Amino acid sequence: MRTERFLARLEQEPERPSSRDVPRMSRHRRVLFGATVVLYAVIVAAVLVESVLVRVDWQVMLFRPYKQWPEYHQFLDYFVVLGQRAPTAVLVAAWLGWRSWRQRTPRPLLVLATALLLLNASVGAVKIGLGRLGPHYATEVGSAELFAGGDIFPSGHTANAVVTWGILAYLASTPRARRLLSLVAAFAALGVGATTVYLGTHWVSDVLLGWAAGLLILLGLPWCEPVIGRAETLVLAYRERARRLRAQRAPLPVPAGEPVAAERADTAYAAAGQRSGGHARRYADAGTGSGAAADGEPAAEHPDEDTHSEACPDESLWADEPQPGDADAVPPVPGTPGAPPARLHHSARPHPVRGTERASAATGVGGRRAPGADRTAPQRTAPLGPRAK
């Protein structure tokens, strides 16, 4: 219950866009990028010519740090996971997904995806191109072990730690958060690189080149910001289009206690029928059966007429009327615009007046029969001929 209230409160909060502008390729950043490129090239050249750096690699490997301090081995086996691509990418993507939801923009996730794509392409190409073997698979002491079918140079764990944790500092929204996340990224990158050397899975030169490769990705990300901005625009446009489609396809909500469309139409149809006197009564009054009943004639005197024709003398009168199944249709009331024309009644017939009614009218009782008067008793009428004087 508390979790639902917490999420509902977060959903009601306004948008919180990042107050920090999109990083640009400033002069300071260009200088750092150029220095890192030079360092990258120097490390690769030192390994290719089997310089002092290669001898340092062999000295550290033969020292075997994991045997000198075995008590740290178990802990560092778990710590090195901070540099593995899959676990760290999932962890950082979850945090950046939260940031994207709060800021109502997919930019954090797009920046992470772009950085990982560049990292895999650049580091993977150098790994396959140089083909260096790792310390555990080295065959000749003092050799650089290049072009031997390996994939160890540069260190992927180290480069991934630099990029994955450095993205958090790159996307920080405040200077304080940027400084704090920079320290976290530096600790993770340096710790993962040193751990791989301790475990004997990488040469020292592998770690150095991994740091340089990851730093190049972070420093060069502002050049990718225009592409990230266009991708962000496309994602937001697609999301808005999907929302409109869902809104068009979603059925209108029916409040509790209100009948559905069909029941509401039936109710309106019945109410309109009562206001207009009903179809049967309206058309029956127009037929001969009602007139015959008014004249006191039995129905048997019209054996040739159809009962259905008496109730509905003209089927065309029903053609334009709405049916109860139509949710929006209401039957027209006679006399209103759009109502079908009513059938003319029969010509007026003389209505016989009973003697008792004449007698009561003559007495001036207001049309009421005198008390005790017999309904069936014949009344005396005046004799024919001139009245006797």
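Predicted model: local features only at pLDDT ≥ 70, side-chain atom pairs only at ≥ 80, totals over all residues.
**Exercise 1. Find how helix 6 and helix 7 run relative to each other.**

Solution. 
- Locate the helices: helix 6 spans residues 85–103 and helix 7 spans residues 107–130.
- Take the angle. The two pack at about 155°, and their axes lie 8 Å apart.
- Apply the cut-off: angles over 145 degrees count as roughly antiparallel.
- Conclude: helix 6 and helix 7 are therefore roughly antiparallel.
- Now look at the side of helix 6 that meets helix 7. Its residues include Ala89, Val92, Ala93 and Leu96.
- On helix 7, the partners include Leu109, Leu112, Leu116 and Leu119.
- Sort this contact by class: nine residues are nonpolar, four polar and two charged.

**Exercise 2. Now find how helix 6 runs relative to helix 8.**

Solution. 
- Start with the geometry. The axes of helix 6 and helix 8 cross at roughly 5° and come within 10 Å.
- Use the cut-off: angles under 35 degrees count as roughly parallel.
- So helix 6 is roughly parallel to helix 8.
- Sort by class: the contact of helix 6 with helix 8 has eight nonpolar residues, four polar and one charged.

**Exercise 3. Describe the packing of helix 9 against helix 10.**

Solution. 
- Helix 9 covers residues 175–199, and helix 10 covers residues 204–220.
- Their axes are 9 Å apart, at an angle of about 160°.
- That makes the pair roughly antiparallel.
- List the residues. Helix 9 brings Ala189, Leu190, Gly193, Thr196 and Val197. Helix 10 brings Val204, Val207 and Trp211.
- Sort them: six are nonpolar, two are polar and none is charged.

**Exercise 4. State which elements line the largest pocket, and which gives the most residues.**

Solution. 
- Begin with the volume: the largest pocket holds about 490 Å³ of space.
- Count the lining: 19 residues.
- Find the centre. The closest residues to it are Arg29, Ser182, Leu215, Leu218 and Leu219.
- Name the elements that give two or more residues: helix 2 (27–48), helix 8 (156–170), helix 9 and helix 10.
- Pick the top contributor: helix 9 gives the most, with six residues.
- Finish with class: the lining has 12 nonpolar, four polar and three charged residues.

Methods: Residues numbered from 1 in each chain as written. Heavy atoms only, no water. Axes fitted to C-alpha atoms, helices over the stretch in contact; angles between N-to-C directions. Helix = DSSP H or I, 4+ residues; strand = E, 2+ residues; numbered from the N terminus. Parallel < 35°, antiparallel > 145°, perpendicular 65-115°, else oblique. Contact = heavy atoms within 4.5 Å. Nonpolar A, V, L, I, M, F, W, Y, C, P; charged D, E, K, R; others polar. 1 Å grid on protein atoms, 1.4 Å probe; cavity = no way out; pocket = protein on both sides within 12 Å on 5 of 7 lines; lining within 4 Å. Points joined across faces, edges and corners; volume = space filled by probe spheres on them.
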